[in-house]
Amino acid sequence: MVEISSFVASPLCGLTLAQLGAEVIRVDPVGGAADVNRWPLTDDGSTSIYWTGLNKGKRSVTADLRSDEGQSLVTRLITESGPGGGILVTNSGGRKWMSHEVLQQSRSDVITLELLGGSDGSPAVDYTVNAELGFPRLTGPINHDGPVNHVLPAWDVICGLYAAVAITAAVRRRECTGAGSRIRLPLEDTALSIASTLGYLTEPQVNSRSREATGNDVYGTYGTDVATADGDQFMIVALTPRHFRDLVQLTDTGDVIGSLERALDVDFSLEADRFAHRSVLNALFRKWFSEHSTSDVSAALAASSVLAGRYRTFDEVVASGSLKTNPLFAEVDQPGIGRYLAAALPATFDGQQYFVGPAPQLGAHTPVTDTSGIEAD
């Protein structure tokens, strides 16, 4: 598979397919695409941790994409790469020489996937799509006046994974029918599809109102953040009646909860009632957590069915040593960075964890003069 891309969605598609066993060739303009030096960088500023993370296990070719020679090289990489090749993924569309129609003239079963921004093909990125969709109006403290952006580029990530699924489906279709595919995947449509599926866009249509902001409270059930006597914070969630019963038992609030149910004429075994009266429940439960140490809270939660996690920083996650004992991680020796623990594909197949090697040096596999032996699945 040939990938002409930058930023998150397109490189993540290529990485995912590489982790699934595909041979992926990333093609960049000479000197690198716009993301070659994107933050975070190593302390000396020489290497993009971001770029190497998204391009592990790939081959790297650079070419002058404005020249006939460079375009010919890329075209041959795509169309002459063996029976499993003939695949292009790009977010740099709009160039006639690598359009599906032109590539199809050289290879009838070619598969192309173009990642776009807006649904109409206009430029857009995760942060602009998210702003126009409505999520920043629900994110952040409920007493905050104004939008709050999330820090995870969720739509980019989802779009990249959708792209990998679409390529896999197109390859299977080609195996069955011999036909290629022209796939168009806008970032905006990805976000709209998920927002529709999860009901965010359905509520205003059928209920004539959109979802309310709930801060750190989980919408439609019971879940909130609590602080311990040590100043640590936990996220606790009681999705089921059993979870809630254990939370009541853990906090020794059974008598008060019973009185509240009678006074309010509610049943806290029901998610709707737990959510509707979350403010009074929050005050009750938070009092218990605020009076107990982090170690006591951790032990009590571990002995119960209550879903919980302590809020940590990335530094704390690494310092805990858990990455070293997690089979998802293995050490890589990344040129420009050194040795560190990197994650594999999160899915295992027959108990096997699949790792790819480090990211290549930019242009490490240039020039390519013979594409006959290149397989891209």
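Reply: Start with accessibility: a residue is buried under 20% relative accessible area, exposed over 50%, and partly exposed in between (1.4 Å probe, protein chains only). The model is predicted, so local features need pLDDT of at least 70 and side-chain atom pairs count only at pLDDT 80 or more, while totals for chains, interfaces and linings use all residues. Residues are numbered from 1 along each chain as its sequence is written, and side-chain values use heavy atoms, with hydrogens and water left out.

Most residues other than glycine have a negative phi.

Now the setting. The chain has 15 helices and 11 strands. These are DSSP runs, numbered from the N terminus: H or I over at least four residues for helices, E over at least two for strands. Of the 377 residues, 44% are buried. The C-alpha trace spans about 80 × 50 × 40 Å along its principal axes. A contact means heavy atoms within 4.5 Å. Take the chain's contacts between residues at least 6 apart in sequence: 68% of them join residues at least 24 apart.

The part to look at is α12, residues 278–290. This helix has 13 residues. From first C-alpha to last it reaches 17 Å, close to the 18 Å expected at 1.5 Å a residue. The expected span is 1.5 Å times one less than the number of residues.

Which residues of α12 are buried? They are R278, L281, N282, L284, F285, W288 and F289. An α-helix has 3.6 residues a turn, so residues three or four places apart point the same way. Keep that in mind as you trace the list on the model.

What do these buried residues pack against? Two strands take part, β7 (222–227) and β8 (233–238). So do the helices α9 (241–250), α10 (254–264), α11 (271–276) and α13.

R278 is one of its buried residues. The side chain of E212 makes a polar contact with the side chain of R278, at 3.5 Å. A polar contact is a pair of N or O atoms within 3.5 Å; within protein, one must be able to donate a hydrogen and the other to accept it, and residues adjacent in sequence count only if both atoms are side-chain atoms.

E212 counts as partly exposed because its relative accessibility is 42%. Beyond residues up to four places away in sequence, E212 touches L138, Y219, F275 and R278. R137 is 75 residues from E212 along the chain, yet their C-alpha atoms are separated by 9.1 Å.

Now go past the other end of α12. S293 is in the loop between α12 and α13 (294–302). Its side chain reaches the backbone nitrogen of D296 at 3.2 Å. Leaving out residues up to four places away in sequence, S293 touches T228, A229 and D230.
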